[in-house]
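Work through the exercises below with the model open beside you, and try each task before you read its solution.

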Amino acid sequence: MSGQTVPADFSGHMLDLDEDEDLEVFSKNTSLADGSPMPNSPSSMVNQYRLEEEEEEQQQDANARDIFVSVDNPESHVTAIETFIMYRVVTKTTRSEFDSSEFEVRRRYQDFLWLRSRLEENHPTLIVHPLPEKFVMKGMVERFNDDFIETRRKALHRFLNKISVHPILSYSQHFKVFLTAEELMSHRKQGPGFLSRMGETVRAVANSVRGLRSRPEEFTLMQEYVDDFSNKICSVDKVTQRIIKEQREYLDELKQYSPTYSQWAGSEEELAEPLRGVASCVERCGLETEEQIQHLSQVLVPALHEYVLCAETLKAVMRRRDNIQAEFEAKNEALASRRVDQEALQEEVDGLADRVELANNALRGDWSRWQNSMRTDLKTAFLSTAEKNVEYYEQCLAVWESFLLSQRAEPSEQNDGEDAS
Amino acid sequence: PSIHLSIYLSIYLMTQMSCRDLFSEAVNDTGSTLVRRMEICVAEAEKRSGKNAVNMQETFTVYLIETRPMDAVAEGRNPAPDSLWRRYSEFELLRNYLLVTYPYIVVPPLPEKRAEFVWHKLSADNMDPDFVERRRIGLENFLLRVASHPVLSNDKILHHFLTEHGWKEVVYETGFQAKADSRIRALSATFRVRNPDKRFMEMKHYSDQLQSHTSQLLRARARVADRLYGVYKVHGNYGRVFSEWSAIEKEMGDGLQSAGHHMDAYAASIDDILEEEEHYADQLKEYLFYAEALRAVCRKHELTQFELEMASQDLISKKQQHEELATGIVRTFSFKGMTNKLFGQEAPEQREARIKLLEELIAEGEDTVKEKTVECEEHVERAWVDMQRFKEQKDKDLREALINYAVMQISMCKKGIQMWSNAKECFLKM
């Protein structure tokens with residue numbers, strides 16, 4: 001299991017666990033194991049990152065997971081005003097801060113949105129995994145189409161799992177509430193209100209208009225990477241969509257093609273048998289093609305799509321980091337120019353300076369973690385695709401070889417010119 | 001393609017037979033009814049320019065026909081081949097001559113004049129080098145088929161075509177063009193014939209089926225080829241994007257880059273695959289065109305049968321007229337009979353003259369009926385033999401073609417397995 005973040009049939013593993021049994025250990029390559037930097041700056045926030053200490057005691061690769069989350073069982077929920085889908089979220093954990101070791105709640109898409117925005121708010125420069133989109137622009141007519149729901153469910157599952165393995169985010173109070181509270185609405189009302197969020201946004205815009213004094217080199221490089229990565233991943237996504245489109249059109253033609261052989265067989269005597277044989281081969285290859293298209297749609301496309309969304313998340317993270325720095329610089333400038341209330345302003349500036357350092361450290365730490373995760377996820381998806389394609393050709397090969405075999409078995413008149421391999 | 005190989009090899013094993021023996025000769029497995037003691041091939045194609053019939057400059061392709069005596073080759077001597085250049089139109093002329101001269105033979109078809117059933121990448125242009133090359137092969141195939149035919153291979157004009165520069169004068173001298181059945185006559189016969197041989201009607205129906213099915217298959221195949229081309233080529237985009245992406249990655253870079261190269265190779269591999277499949281399409285096309293030749297033989301039967309019926313009908317009516325005149329009993333209504341009743345009988349001398357004329361006509365008519373009967377029966381007999389030969393050839397050739405197609409598919413699958421296994425190795429290095 002090394003190198004994977006979450007096994008796909010995750011819920012199966014979960015159901016095997018009893019409260020008293022030892023938990024299965026999923027070894028994982030994380031940046032933490034590499035020894036890459038975790039924030040250990042002299043800020044008070046460091047104390048929240050308990051996991052860091054535990055992990056330093058850990059062996060090289062193994063990262064014992066103590067919380068498992070799954071999303072399943074989408075059900076239509078009808079009220080007087082609206083209809084929406086509720087998903088079942090099951091949590092199993094040994095963490096002490098949880099009152100119990102098992103939880104089951106029902107959540108809707110809006111609840112996930114809430115959780116994510118809370119996480120982003122509290123950790124502006126951590127890379128919070130994206131959620132599946134609200135709507136799909138093209139091709140989707142009905143919100144409650146089965147494929148759409150299943151795709152969304154898988155993405156929601158991945159989202160929660162990404163959070164649950166994140167060394168910082170998985171300890172978020174909001175995450176806990178999301179997983180455990182029977183009813184989420186009351187919790188959703190709490191927290192910084194709409195207006196205060198507005199205020200932040202306005203400040204952010206004002207700061208970005210002022211512009212950054214000087215972005216540290218490492219973050220400039222990061223920004224460049226993010227822009228490039230965004231371009232590339234979008235391109236790969238587009239190419240993949242195009243391939244699926246071409247494959248579908250190819251499949252349509254194949255479906256028209258095989259009947260031409262069987263129709264011809266109808267007017268032949270000796271030839272009827274080999275003609276029907278070829279018709280059957282073409283048909284079976286068509287079935288394999290159908291499977292291959294499905295695999296692409298279910299494995300590679302979602303993985304790429306997730307990282308297209310990640311690219312947007314990264315851009316937002318970079319922006320927020322810049323804003324934090326800009327805010328500090330703005331106040332710092334003010335401090336330098338004004339004489340009034342120097343002491344109070346100095347304290348504010350110091351606070352902002354700390355905030356900048358924290359933000360930068362958080363991003364640094366999460367950055368290599370994210371890169372590794374991206375590499376692993378996409379590697380897995382590409383590998384799976386390549387394997388499926390090999391399997392596709394192997395199946396088709398077998399189909400045609402069995403046809404050849406059937407023709408060899410026939411008493412054949414020709415003893416010249418047949419140079420079939 | 002193995003079709004050509006089998007015919008080519010068969011030529012090595014020939015014996016010469018007289019025409020008389022051929023009609024009762026059954027076709028052997030290995031084609032030992034082939035008669036030409038000559039190695040034939042269409043070696044090259046070249047572009048030429050010249051003035052055409054309306055004195056305008058035109059470009060056309062000529063094909064080099066090379067021949068060598070087979071015994072020289074067998075003995076290990078390697079004489080230089082005799083050769084001459086021929087245009088496609090000359091091949092057409094030869095075939096038209098054969099069609100007229102041997103209406104009881106299913107005459108092998110020529111490769112198509114213009115490229116049909118093209119998928120988008122293939123050029124429909126007659127000057128396209130791939131098209132010219134496939135046509136060269138098709139023309140060689142035509143010559144080999146004719147030269148290995150138990151009847152056609154003995155034709156003198158064929159020999160002239162293969163070896164003499166002045167063949168055109170000779171072929172025009174045969175006056176074959178005058179002997180060609182008018183289309184109108186043939187069409188009329190098709191509609192009005194009363195008792196055609198059932199087997200020929202079935203054959204005609206079969207030829208329609210063969211034509212319809214092969215053309216549907218070829219059309220569908222071309223569309224599949226077109227789509228498959230699209231699928232492979234789009235993967236080339238992966239190559240480009242992976243390469244660009246690898247530049248910004250550290251750990252992933254190498255794996256992505258090399259995977260990209262394999263994607264490029266995958267995209268490029270479709271060109272050869274589809275070019276090879278064109279040869280399969282050509283094998284099917286040959287039988288698409290053969291269907292037309294088969295139908296022509298059936299139509300000739302309708303024509304000879306119809307002419308026989310007409311001649312018989314004519315003879316019967318003349319005999320009746322004679323009987324009426326001789327006995328005075330009018331059995332059937334006739335204008336003459338009516339006018340006789342109305343205006344009185346004609347003079348005995350006139351009657352005598354008419355009776356004598358009719359007797360001459362009847363004698364002629366009997367000869368005609370005999371002639372037409374022989375013509376019709378001969379045609380039926382010879383055509384039936386050749387249609388059986390054709391049927392066996394067709395079953396063998398097409399079965400081989402289908403097997404070849406399977407072989408091509410297998411080769412394509414093996415390439416695919418290779419490519420994607422390579423890509424997988426690269427992804428593992430990511």
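**Exercise 1. Determine how helix 4 and helix 6 of chain A lie relative to each other, and which residues meet there.**

Solution. Start with the axes, which are lines fitted to C-alpha atoms over the stretch in contact, with angles running from 0 to 180 degrees between N-to-C directions. Helix 4 (residues 109–122) and helix 6 (residues 173–180) of chain A pack at an angle of about 165°, and their axes are 9 Å apart. Helix 4 of chain A is therefore roughly antiparallel to helix 6 of chain A, a term used for angles over 145 degrees.

Next, list the residues in contact, which means heavy atoms within 4.5 Å. From helix 4 of chain A come A:Asp111, A:Phe112, A:Trp114, A:Leu115, A:Arg118 and A:Asn122, and they meet A:His174, A:Phe175, A:Val177 and A:Phe178 of helix 6 of chain A. Sorted by class, this contact has six nonpolar, two polar and two charged residues; Ala, Val, Leu, Ile, Met, Phe, Trp, Tyr, Cys and Pro count as nonpolar, Asp, Glu, Lys and Arg as charged, and the others, Gly among them, as polar.

The model is a predicted one, in which local features need pLDDT of at least 70 and side-chain atom pairs count only at pLDDT 80 or more, while totals for chains, interfaces and linings use all residues. Residues are numbered from 1 along each chain as its sequence is written, chains are lettered from A and ligands numbered from 1 in the order in which they are written, and side-chain values use heavy atoms, with hydrogens and water left out.

**Exercise 2. Describe the sheet of chain A and the helices that pack on it.**

Solution. Helices (H or I, at least four residues) and strands (E, at least two) are DSSP runs, numbered from the N terminus, and two strands pair if DSSP finds at least two bridges between them. The sheet is open, and its three strands have the order 1-2-3 with antiparallel pairing. Its edge strands are strand 1 and strand 3 (102–108) of chain A, each of which pairs on one side only. From one strand to the next, the twist averages 20°.

Helix 5 (residues 146–164) of chain A packs on this sheet and touches strand 1 and strand 2 of chain A. Helix 6 of chain A also packs there, touching strand 1, strand 2 and strand 3 of chain A, and its direction makes about 90° with that of strand 3 of chain A.

**Exercise 3. Find how strand 1 and strand 2 of chain A are joined and paired.**

Solution. A hairpin of four residues joins the two strands. Strand 1 (residues 67–78) and strand 2 (residues 83–93) of chain A then pair in the antiparallel sense over 10 bridges; A:Val69 has A:Thr91 as its bridge partner, and A:Asp72 has A:Arg88.

Methods: Angles under 35 degrees count as roughly parallel, over 145 as roughly antiparallel, 65 to 115 as roughly perpendicular and the rest as oblique.
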